[in-house]
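Hi everyone, thanks for coming. Please have a look at the sequence and the model on the screen, and then I'll walk you through one part of it.

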Amino acid sequence: MFNFIGYYINSIYSGKLINYPIGEQIIDIIPMIATSVFAGILCYLADTLCFSTLQLLDVTRIIIDGLFFSLIYLASSSILRLAPIHDFKQLILKR
């Protein structure tokens, strides 16, 4: 809860400073949040339905879930052409 309050306070003052209102900031963040929620739900369902029946070690499940989440997030961000995935590709391909 305190994170939301802190975000709100910081967004008001920084928004006035750089002329970027809080409404526009939230609209720009919504696609990334929705992509994260989508990847999280799929990861949870995969873990609940598949990995819990295999009796894997917790560490193994965490690693598999992390990789699965990353794969889903990167794939869906690439399909939706979100700006952060474009920046990520530029950083990786720059080397």
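**A helix and its neighbour**

Let's begin where two helices touch: Leu74, Ser77 and Ser78 of α3 meet Ile85, Phe88 and Lys89 of α4, where a contact means heavy atoms within 4.5 Å. Sorted by type, the residues of this contact are 3 nonpolar, 2 polar and 1 charged. Here Ala, Val, Leu, Ile, Met, Phe, Trp, Tyr, Cys and Pro count as nonpolar, Asp, Glu, Lys and Arg as charged, and the others, Gly among them, as polar.

Before going on, a word on the source. This is a predicted model, in which local features need pLDDT of at least 70 and side-chain atom pairs count only at pLDDT 80 or more, while totals for chains, interfaces and linings use all residues. Residues are numbered from 1 along each chain as its sequence is written, and side-chain values use heavy atoms, with hydrogens and water left out.

How do the axes of α3 and α4 cross? They come within 8 Å and cross at roughly 110 degrees; the axes are lines fitted to C-alpha atoms, for helices over the stretch in contact, with angles from 0 to 180 degrees between N-to-C directions. That makes α3 roughly perpendicular to α4, a label for angles of 65 to 115 degrees.

Now α3 itself, residues 58–80. Helices here are DSSP runs of H or I with at least four residues, numbered from the N terminus. With 23 residues at 1.5 Å each, α3 should span 33 Å, and its end C-alpha atoms are 32 Å apart, which agrees. The expected span is 1.5 Å times one less than the number of residues.

Which residues of α3 are buried? They are Asp65, Ile72, Ser76 and Ser77, buried meaning under 20% relative accessible area with a 1.4 Å probe, protein chains only. Serine 77 has a relative accessibility of 1%, so it counts as buried. Leaving out residues up to four places away in sequence, serine 77 touches Thr35, Leu82 and Ile85.

Finally, the structure has 1 aromatic pair. The ring centres of phenylalanine 69 and tyrosine 73 are 6.2 Å apart and their planes lie at 10 degrees, so the pair is stacked; pairing needs centres within 6.5 Å, and stacking needs planes under 30 degrees apart. Phenylalanine 69 and tyrosine 73 are 4 residues apart in α3, which means about one helical turn separates them.

Methods: Buried < 20%, exposed > 50% of the residue type's maximum accessible area, 1.4 Å probe, protein only. Phe/Tyr/Trp six-rings, centres within 6.5 Å; stacked < 30°, edge-to-face > 60°. Parallel < 35°, antiparallel > 145°, perpendicular 65-115°, else oblique.
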